[in-house]
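Below are my notes, in the order I looked things up.

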Amino acid sequence: MTTQQTATSDAQAGSGAETLTIVDNRTGQSYELPITDETIRATDLRQIKVKESDFGLMTYDPAFMNTASCRSAVTYLDGDNGVLRYRGYPIEQLADKSSFLEVAYLLVHGELPAQAELDSWVHDITHHTFVHENVRTFMQGFRYDAHPMGMLESSVGMLSTLYPESKDLTDADNRMNQIVRLIAKMPTLGAFAYRHITGKPFVYPNNELSYSENFLSMLFTTGVPKYTPDPRLVKALDVLFILHADHEQNCSTSAVRSVGSSQVDPYSAVTAGIAALYGPLHGGANEAVLQMLRRIKTVENIPDFIEGVKSGKERLMGFGHRVYKNFDPRATIIKKACDDVFEVTGVNPLLAIAVELEKIALQDEYFVKRKLYPNVDFYSGLIYEALGMPADMFTVLFAIGRTPGWVAQWNEMLQDKEQKISRPRQVYVGADERDYVDIASR
Ligand code: CMC
């Protein structure tokens, strides 16, 4: 800190003013910027110039490490203390007491529904689970070994062609119709993708079943008139969906907001979210965790694996988080859900490796120093596998769970008067102007 900055902060100390004084040492000029909600407006910095023709000061924040891109009332996250709340309700209480569709209503509408509101919401979602028959033929066009996330991504994009009225973003009822459709159709599309890659006929939705039960039925019904999954598995799946339902401005939600800010239809915006979630550093991590556990193979191999991580050869997948620096509350709930599922399915042999890996990592200086803890993906893959899902379906489950969050944030963004088309600035570091050189002379 320079002497001048120290003097300024001393002078301001205790004044109680909700402002920030900046002294530009290039010019000696001082600027007072308002502080609101612990933030300053990046555009307020633009007045800081050396000469009038300057563009003005910008902030440089690759990967948005310290930039709030919106005001949101959907999800509260305190990474240092492991707190996650949807619309003010702690995730622990919602996972324990609520259902996924009730949580979806909460995220989208902002309040928990009264019974009649919930009934009507569940009815609407249930009666929009069917997809146009063209989706069926579209799905059949994929190769036998297509990744289901690629299929989900494309088929959600395809929905925009089926609902051209979704382009009208000005009508709140119209937006809500698309929100219902998206939440309703995601499990159908995910299940169709699964049936395609496993060479099985598509199973149509069954309106008598709950959301999660219906999804399991569309995945696993084979040659029986009525498929009845164990209610403990249905509950576990519902809890997993709740845990994934929103996570404020993560990579995929930012993608939905950013793409949606161009005023494109919500199917196209959610397709962007699915694409972002597909990546191994985001939703793809649960699949990567299972691959990692399989590669480690035995508890005895863990120390060698940890050494590989510490020497930078690879990452311990399912560990670490941009925001959680203490623990991920979702991981704690999932670990408990593991026990309920394994009671029905028998213990996944990879669990022993996961538990030991977690134990060793949590005691190791490398992970402690960097505040790396298990995240939501560390145990979720084990549950999905126990439910009978192949690893490449894991991220599809994440996407189904995250859909209410994406659409709630998209709807919020559209109603936010401060929002405009997303368009970050850059610091140009390329070549100065130079003349074109004819190819023969290069
Ligand atoms: N294994 C080993 N080292 C790690 C890991 C890991 N999983 N995560 C972070 N580090 C190290 C990293 O190498 C760096 O060390 P150093 O300071 O010596 O260079 C330090 O910790 C900080 O890491 P970072 O990459 O700067 O942190 P980030 O905030 O950019 O990344 C993350 C967050 C989630 C992408 C990262 O922790 C990671 O790659 N984890 C594994 C993938 C994973 O589990 N992703 C799921 C996230 S939770 C679900 C979701 O919301 O998508």
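**Ligand contacts**

I started with Asn375: one of its polar side-chain atoms lies 2.9 Å from an oxygen atom of the ligand. I note here that the model is a predicted one.

Next I checked the backbone. Phe319 has a backbone N or O atom 2.9 Å from a nitrogen atom of the ligand. For Leu281, I found a polar backbone atom at 3.1 Å from a ligand nitrogen atom.

I then asked how much of the ligand the protein buries. The ligand taken alone exposes 930 Å². Of that area, the protein buries 74%.

**Shell around the ligand**

I looked up how many residues surround the ligand. There are 19. I wrote down the closest: His282, Arg315, Leu316, Gly318 and Arg322.

I also sorted the shell by class. Nine of its residues are nonpolar, six are polar and four are charged.

**Second largest pocket**

I moved on to the second largest pocket. Its space comes to about 300 Å³. I wanted to know which elements give two or more residues to its lining. They are α2 (91-97), α9 (231-244) and α14 (329-345).

I listed the lining by residue.

**Leu237**

I picked Leu237, which lies in helix α9. Is this residue buried or exposed? Its relative accessibility is 0%, so Leu237 counts as buried. The cut-off for buried is under 20% relative accessible area.

I also looked along the chain to Glu213. Leu237 and Glu213 are 24 residues apart in the chain, and their C-alpha atoms are separated by 8.7 Å.

**Ser99**

My last stop was Ser99. I found this residue in the loop between α2 and α3 (100-109).

Conventions
Residues numbered from 1 in each chain as written. Predicted model: local features only at pLDDT ≥ 70, side-chain atom pairs only at ≥ 80, totals over all residues. Heavy atoms only, no water. 1 Å grid on protein atoms, 1.4 Å probe; cavity = no way out; pocket = protein on both sides within 12 Å on 5 of 7 lines; lining within 4 Å. Points joined across faces, edges and corners; volume = space filled by probe spheres on them. Helix = DSSP H or I, 4+ residues; strand = E, 2+ residues; numbered from the N terminus. Near = heavy atom within 4 Å. Polar contact = N/O pair within 3.5 Å; in protein donor to acceptor, adjacent residues only side chain to side chain. Areas by Shrake-Rupley, 256 points an atom, 1.4 Å probe, with all protein chains shown as cover. Nonpolar A, V, L, I, M, F, W, Y, C, P; charged D, E, K, R; others polar. Buried < 20%, exposed > 50% of the residue type's maximum accessible area, 1.4 Å probe, protein only.
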